[in-house]
Protein chains: 2
Amino acid sequence: MTRNTFAKELEELHLDLINMGSLVEDSINNSLSALRNEDLELAALVIKADDIVDDYERKIEKKCLNLIARQQPLAGDLRKISTALKMITDMERIADHSSDIAKLTIKMAQENMIKTWIKPLIDIPEMAEQAKKMVKTSLDSYVKQDINMAQSLYEHDNIVDGLFIKIVQELSLIMKEHPNAVDQAVNLIFIAKYLERMADHATNIGEWVIYNVTGRHKANKENKKFLF
Amino acid sequence: MTRNTFAKELEELHLDLINMGSLVEDSINNSLSALRNEDLELAALVIKADDIVDDYERKIEKKCLNLIARQQPLAGDLRKISTALKMITDMERIADHSSDIAKLTIKMAQENMIKTWIKPLIDIPEMAEQAKKMVKTSLDSYVKQDINMAQSLYEHDNIVDGLFIKIVQELSLIMKEHPNAVDQAVNLIFIAKYLERMADHATNIGEWVIYNVTGRHKANKENKKFLF
């Protein structure tokens, strides 16, 4: 394989990541829209589409390992490929959580919980919006190799964490006052948790982008505050 | 590097994985014992030790990529190394969840929740015991390269999932009947969720062992039942 073919294969890898990223973004958009509109067909689609994301992960992973083995890449290229290897793990987890939310949507519909929202989904739509934005930003930061964009995710993650804590507190209060809202509230707590995890994975993706550009890892995960 | 050196490096990698695995097992044992005995020092230790596991992950990852790049391994060895790469991600997540449980233990102690356990931790000790066993089995299946052992994790995971659903239902019932138990119950729900995820990661490790031995991936993740 010539260096030229190698460059081309790296470019292909980059495109694979972008395609996988756009599937992951779709999964979030669809899962949230399925939840909001009680659209069970769309929810089923999200669960099904998760398999495609899994296949993408495996395909990209294989490509990366083969590239490394065949091409013995130098430091910069090796970093590029190992960034891809790590990013896809976080991307796959985000799509998994979209699927988790879709499954909960179906479960809540089956148990007739959706029609009787405790209050208009509390701050969950806001939190979902923020988590969605973070995933988009993280993928954009990869496409543009933009460290500032990637770095902005830390601050953004704090906002999502704050919303998460607020939602759990609000739902706890509702459960204390309205025992018949408990089942619904418990489901919403899990949905909030999945959104919080999505934001974490977006932050991780940003860290991989920073690593790719600078060659430096963050010292160690900051010890995040108590988040349930 | 001669083939001999390569064999030696593979052996070292194997030992690294075993060492990391034993740290991960410690993290579970300690986090559960900290929860049970309200031992906040031990909980703090678990949180601290998570950094060491993170460092292990990074170190092994680097070793794997360098091995692939320098040695251009053949199919079987490449599979061995890529198995290591995937396993450490699941192992690191298990230790993360130990740390999550330790953080919740400290939070609950600060809020004076532990002294007044709703009921003796419901089925959580049982679930914790099962999750612990699964992690141990998954790591043993790697050490022994034992497919049957790895395969047994699927069935075991179903048991843990069943316990998880039961615990959430029990806690929901308690919240309906005792509004003043809500905060504590919400914390316990999260602990149960972390244990359920640990069991998932153990199952994943088993899948990697099966892949390593047979060269075959499972077709696709079965669509797990609705689990919250």
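Modeller: Asp16(A) pairs with Lys59(A) in a salt bridge, and the closest N and O atoms are 3.7 Å apart. The term stands for a side-chain nitrogen of Lys or Arg within 4 Å of a carboxyl oxygen of Asp or Glu. This is a predicted model: local features need pLDDT of at least 70, side-chain atom pairs count only at pLDDT 80 or more, and totals for chains, interfaces and linings use all residues. Residues are numbered from 1 along each chain as its sequence is written, chains are lettered from A and ligands numbered from 1 in the order in which they are written, and side-chain values use heavy atoms, with hydrogens and water left out.

Where do the two partners, Asp16(A) and Lys59(A), lie? Asp16(A) is in helix H1 (residues 3–37) of chain A and Lys59(A) is in helix H2 of chain A, so the pair ties together parts that are 43 residues apart in sequence. Helices (H or I, at least four residues) and strands (E, at least two) are DSSP runs, numbered from the N terminus. Asp16(A) counts as buried, at 7% relative accessibility. Lys59(A) counts as partly exposed, at 41%. The classes are buried under 20% relative accessible area, exposed over 50%, and partly exposed in between (1.4 Å probe, protein chains only).

Next, a second pair. Asp123(A) forms a salt bridge with Lys166(A), with the closest N and O atoms 2.7 Å apart. Asp123(A) sits in the loop between H3 and helix H4 (124–144) of chain A, and Lys166(A) in helix H5 of chain A, so this pair also ties together parts that are 43 residues apart in sequence. Asp123(A) is buried, at 18% relative accessibility. Lys166(A) is partly exposed, at 39%.

Glu196(A) bridges to Lys193(A), the closest N and O atoms being 3.2 Å apart. Both lie in helix H6 of chain A, 3 residues apart, about one turn of the helix. Both Glu196(A) and Lys193(A) are buried. Over all chains, the whole structure has 28 salt bridges.

Now the fold around these pairs. Chain A has 6 helices and 0 strands. Along the sequence its pattern is α-α-α-α-α-α. Of its 228 residues, 57% are buried. Among contacts in chain A (heavy atoms within 4.5 Å) between residues at least 6 apart in sequence, 85% join residues at least 24 apart.

How many salt bridges run between chain A and chain B? The count is 6. One of them links Lys86(B) to Glu57(A), with the closest N and O atoms 3.4 Å apart. Helix H2 (40–71), helix H3 (75–110), helix H5 (147–177) and helix H6 (182–214) of chain A each supply at least two residues of the side that touches chain B.

The contact takes 53 residues from chain A and 53 residues from chain B. The two chains bury about 4500 Å² between them, 57% of it on carbon and sulfur atoms. That buried area is the accessible area (1.4 Å probe) that two parts lose on being put together, summed over both.

Chain A can be laid on chain B with an RMSD of 0.0 Å by a turn of 180° and a shift of 0.0 Å along the axis. That is the relation of a two-fold axis. The superposition is by least squares on the C-alpha atoms of residues with pLDDT of at least 70 in both copies. The same surface serves both copies: 100% of the contact residues of chain A recur in chain B. Of the residues of chain A, Ala69(A) comes closest to the rotation axis, at 2.6 Å (C-alpha).
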